[in-house]
Every structure is written in C-alpha cells, then in structure tokens.
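Me: I am new to this structure and would be grateful for a guided reading. Please take my questions in turn.

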Amino acid sequence: MATMTAGALAPNTAEFILEVADVRKAFPGVVALDNVQLRVRPGTVHALMGENGAGKSTLMKIIAGVYIPDQGEVRLNGLPLELHGPLDALQAGIAMIHQELNLMPFMSIAENIWIRREPLNVFGMVDHGRMFKMTEALFERLGIDMDPEMEVRKLTVAGRQMIEIAKAVSFDSEVLIMDEPTSSLADREVEHLFRIINDLRAQGKGIIYITHKMDEVFEIADDISIFRDGQFIHSAAASDITSSEIIKLMVGREVTQMFPKEEVPIGDVVLSVENLCLDSVFENISFEVRAGEILGFAGLVGSGRTNIAETLFGVTPPTSGSISIDGKKEIISSPHQAMLRGLALLTEDRKETGLFLGLSVIENMELAVLRDGYTRATFVEQNRLDQECDSMKEQLNVKTPSMEERIGNLSGGNQQKVLIGRWLMTNPRILILDEPTRGIDVGAKAEIHKLITKLVKRGVAVIMISSELPEVLGMSDRIMVMHEGKVTGFLDRSEANQVNIMQLASSPVKPTVIED
C-alpha cells in the first residue's frame with residue numbers, strides 16, 4: 001500500500017489543492033480531532049472513511065468554516081486559510097453538502113439554491129424571472145429535471161438531496177465536500193450524481209467524499225484516507241487498498257460477518273395486511289409477517305415502501321383494506337394506538353421525523369416509554385429509566401461524552417443508534433425498520449444486524465425497508481418488491497438475488513409468489 005504518514009507533508013504544496021495539517025478540535029468531554037491531516041489533489045475524488053464518531057464530519061465542518069480548530073492549519077492552493085464562518089469558506093472556494101439536509105421547505109427550489117445571492121432588478125427587488133432562468137440553466141448543466149418554482153416541501157428526501165448537490169455546485173467552488181450524498185438516493189440517482197462528480201473532476205475540482213458504502217468508494221474515489229477515534233490512521237490510492245483492509249483500519253478489528261443471518265424457527269402469523277390502499281400512493285397491498293421472520297421491503301425511491309410503514313404505524317390512515325394482529329382486525333389511527341398493539345417504527349429520516357435535536361441523548365431515548373413503561377402513580381421512575389437507557393447505550397455502543405449531551409452534537413450514526421434504542425425499549429412484537437443502517441459505518445452495521453438477529457430469535461416479527469440490496473438479501477427471510485405503489489412480487493430467500501429484485505422493482509408486472 002502506498003502510504004502518506006502523519007507529518008510527512010510534501011514540500012511542493014502546489015501538488016495539493018487542499019491541505020489540513022495538525023488540526024485539533026475538542027468539545028466539552030471529548031477530543032473530536034487529534035492532530036489530523038488530509039491532502040487532496042486537484043482533479044481527484046478523495047474518499048474519507050471511518051466509523052461514526054471518527055471525526056470525519058467535524059473535520060469537514062472545520063474546512064467549511066462551521067467550526068474553528070483549536071490548533072493546526074488549513075491551506076488552499078498552498079496558502080493558509082483563516083475561516084470565521086461558512087461564508088468565508090464559500091468566498092475562498094470551498095462548498096459543502098451536509099449529511100443532514102438544511103433546505104427551507106416553504107420556499108421554492110430556486111429560492112433555496114440562490115438564497116443570499118438572488119439576482120436583483122433595477123429597483124433592488126429580487127428578479128424571480130431571472131432567478132428561475134438561472135436555475136433552469138444550472139439544472140440543464142447537471143441533467144436535473146425539476147420545476148424551479150416548486151416548493152421544496154413537496155419533494156422527496158432524494159429530491160431534496162439533489163437540490164443540495166445543485167446548490168453546492170452553483171458556487172463553482174474549487175473544493176466540494178460531499179458528506180453522505182447518496183444516503184437518500186436510488187441507484188439511478190447515484191449514477192446521475194457520479195456523472196456530475198466526473199464532470200467536476202474533469203474541471204480540476206477537488207472533491208472530498210464521505211460515505212459508508214464500500215462499493216461507491218472503489219467506483220468513484222482516486223484516493224482514500226481513513227480516520228479512527230478522531231485520529232488520522234492511513235492514506236492510500238484507491239487502487240492500492242482492499243475493502244477488507246479499509247474495514248480493519250476503520251474499526252481496529254476484523255469484521256468477518258456483516259450479515260449474521262441464522263436459521264430461526266418461524267412462528268405464527270403476527271401481522272396480516274389485506275388489500276391495503278392509500279389514494280394515489282399505494283393500492284391492494286397484501287402480505288403477512290410471522291413471529292421470528294424478517295420480511296424485507298425492496299423497491300426504488302417512490303415505490304411506496306415508507307408510506308406503507310407509516311400507514312401500519314397509524315401516521316396516515318388507509319383509504320381501505322384491513323390490518324390484523326394475531327388474527328384480530330385492528331383500526332390503528334395514531335402512533336400511540338400502534339404502540340399499544342406492539343408496533344414500533346424506526347423512521348426513514350432521523351432529523352425530520354425521529355430526533356428532537358435540542359434535547360439530550362437520554363431525553364431522546366426515553367421518549368417512547370415515558371407514558372406507559374416507567375411510570376407509577378403518575379410519577380416517572382427516573383432511576384430505573386436511567387439504568388435502562390444506560391444499558392441500551394452500552395448494548396448499541398453509542399459514542400457520546402454523556403447521556404446529557406445534546407443529541408444534535410452526536411454523529412449521524414450515533415443519533416441513529418439512539419433512535420433504535422428508543423424503540424427497542426418498548427419491547428415491540430412487530431418492529432418496522434425503515435433504512436435502519438443509513439449513515440452508519442460498517443462496524444456499526446454489523447452490530448445492528450446482530451441485534452436484529454437476536455430480536456427475531458426472541459420471536460419479534462421484523463419488517464425491514466432498505467435501499468441497499470445486499471442488506472435486504474443478507475437479512476431477509478422473504479422479500480416483498482414494489483413498483484409505483486404496487487406489489488410486483490414476493491421472493492423467498494433462496495430465490496432472491498439483485499437481478500430479479502431489480503427486474504421486479506423497475507417495471508410493473510403481475511405479482512408472483514415464490515415460496516416454499
């Protein structure tokens with residue numbers, strides 16, 4: 001492996017478009033970065049790899065001017081940068097696409113892209129016509145087919161992600177930071193993004209690319225740097241390192257079993273859904289889930305998978321059809337009613353529908369059980385609740401300075417673990433997991449998969465929605481495939497592969513059942 005060791009900076013700094021030297025950053029109770037380095041060559045994609053909490057996002061926020069380092073230096077084209085905010089970074093030529101989307105939902109797409117850079121008319125007012133034309137020109141360049149006048153709130157999560165990407169590209173920056181840019185994108189949208197990245201690379205831009213998806217790294221990256229526990233560990237050309245070597249350097253140990261699927265006795269039907277419909281979203285959805293079974297939901301973005309999960313959990317009442325639990329038809333009109341019947345739902349978007357970012361870790365974790373699980377005579381049994389939350393933190397390996405830390409300060413993956421812990425504390429009989437490992441590193445993914453296996457061993461019925469086909473294939477007993485709101489097929493574990501899933505997910509066909 002061709003290695004660049006810490007402190008061994010090349011004397012000819014013109015070789016690198018961006019350099020980070022000996023940067024340190026500490027927050028109360030934790031050292032997020034400890035004398036780290038990074039060097040990005042112009043016209044390349046530099047992948048940054050590491051577990052959640054390794055310091056990747058903190059370093060990117062320093063480069064983007066969000067945080068000021070305690071020590072160390074950032075250099076652009078060999079010249080030191082002194083950044084006091086994101087605007088300084090943008091003016092210097094550095095733009096960042098954040099892991100958590102930061103768009104304004106009630107403003108148009110064009111207004112979100114050009115905010116604080118709006119073209120003005122002779123009266124000093126925003127020239128909306130010109131702004132829409134500028135957006136159309138940008139979209140034509142990037143191959144994006146959207147109406148610039150549409151409100152952002154009407155877009156899917158994937159659509160919002162593409163707007164964030166377009167906004168970052170619109171600054172024409174020399175360095176573009178992409179933090180988990182494909183976390184909400186389907187395969188076709190990922191291909192689209194990679195075409196954009198290749199165009200930017202050809203223009204000599206330096207791109208820093210953070211992802212937990214190993215296949216993406218080897219498809220798009222020229223160089224790879226690995227961080228662990230806030231420290232720089234290793235850098236290499238992508239052609240000089242293997243995925244197993246990356247994983248070992250990331251986690252400090254071998255990760256030998258990513259999908260620990262075990263044969264578990266399948267019990268009686270726990271959940272039965274018949275001809276479930278939601279106008280203009282999905283229709284005639286029928287399936288069963290048994291105790292100890294993992295039923296995977298597969299399909300492209302917009303296929304209706306998440307909408308079904310929300311309907312089962314009482315977020316959106318169905319137009320017609322029935323939901324039965326243990327053979328008894330139920331009317332579930334609210335999440336609280338769903339919880340009383342033993343359902344739990346880990347939502348797709350942790351920021352929008354899961355977390356209370358201003359509250360602490362423990363406050364977020366305990367929310368689902370405060371009313372029904374840990375009260376006596378209207379008083380909360382706080383000591384017992386604190387012990388259970390601490391136990392869940394250890395079980396899920398949540399990295400946080402303390403349980404009182406504001407959850408918004410945690411990495412995305414650790415936030416996800418807290419949400420999983422919240423629902424596990426309800427002891428659900430039916431657990432719906434919508435993108436359970438989105439934004440989680442490979443080591444933590446393996447831990448979550450082992451936890452799911454433990455749950456089904458206890459007889460929990462699991463519905464798992466995932467855009468990552470290896471995850472669906474590796475963990476599911478059966479897979480239900482959807483296309484545009486309709487079930488296009490059921491595949492038994494022994495019959496399923498990526499090809500037949502994508503065939504069913506890509507075109508409407510007559511539903512086919514392949515089971516033992």
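This is a predicted model: local features need pLDDT of at least 70, side-chain atom pairs count only at pLDDT 80 or more; totals for chains, interfaces and linings use all residues.

Reply: Residues are numbered from 1 along each chain as its sequence is written, and side-chain values use heavy atoms, with hydrogens and water left out.

Me: In the open sheet of four strands, what is the order?

Reply: Strands here are DSSP runs (E, at least two residues), and helices are runs of H or I of at least four residues, both numbered from the N terminus. Two strands pair if DSSP finds at least two bridges between them. β12 (282–290) and β15 (328–330) each have a single partner strand, so they stand at the edges. With antiparallel pairing, the order is β12-β11-β14-β15.

Me: How many bridges join strand β11 to strand β14?

Reply: Leu271 stands opposite Ile325 in β14. The strands, residues 269–278 and residues 320–325, run antiparallel, and the bridges that join β11 to β14 number five.

Me: Is Ser322 buried or exposed?

Reply: Ser322 belongs to strand β14. Buried means under 20% relative accessible area, exposed over 50%, and partly exposed in between (1.4 Å probe, protein chains only). The relative accessible area of Ser322 is 14%, and therefore Ser322 is buried.

Me: Which residue takes a positive phi in the hairpin of β21 and β22?

Reply: Strand β21 (residues 478–483) pairs with β22 in the antiparallel sense over six bridges, and Met482 stands opposite Val487 in β22. Six of the seven residues of β22 (residues 486–492) are buried, so this strand is largely enclosed by the rest of the structure. The hairpin has two residues between the strands, and the positive phi, near 50°, is taken by Glu484.

Me: What distance separates the C-alpha atoms of Val462 and Ile432?

Reply: Val462 lies in strand β20 (residues 461–465) and is buried, with a relative accessible area of 0%. Contact means heavy atoms within 4.5 Å; leaving aside neighbours within four places in sequence, the contacts of Val462 include Val289, Leu431 and Ile452. Val462 and Ile432 are 30 residues apart along the chain, yet their C-alpha atoms are separated by 5.9 Å.

Me: Which residue forms a salt bridge with Asp222?

Reply: A salt bridge is a side-chain nitrogen of Lys or Arg within 4 Å of a carboxyl oxygen of Asp or Glu. The closest N and O atoms of the pair are 2.8 Å apart. Asp222 lies in the loop between α7 (214–220) and β9 (223–228) and its partner in helix α6 (residues 187–202), so the pair ties together parts that are 21 residues apart in sequence. The partner of Asp222 is Arg201.

Me: How many residues apart in sequence are the parts tied together by Glu293 and Arg478?

Reply: The side chains of Glu293 and Arg478 meet in a salt bridge at 2.7 Å, N to O. Glu293 lies in the loop between β12 and β13 (294–299) and Arg478 in strand β21, so the parts tied together are apart in sequence by 185 residues.

Me: Which residues make the nonpolar surface patch of about 430 Å²?

Reply: Val122 lies in the loop between α3 (109–113) and α4 (128–142) and is exposed, with a relative accessible area of 77%. Patches are made of residues with over 30% relative accessible area and no salt bridge, with like charges joined within 9 Å and nonpolar side chains (Val, Leu, Ile, Met, Phe, Trp, Tyr) within 5 Å. Areas come from the Shrake-Rupley method with a 1.4 Å probe, and for residues only the protein chains shown count as cover. The patch is made by Val122, Phe123 and Met125.
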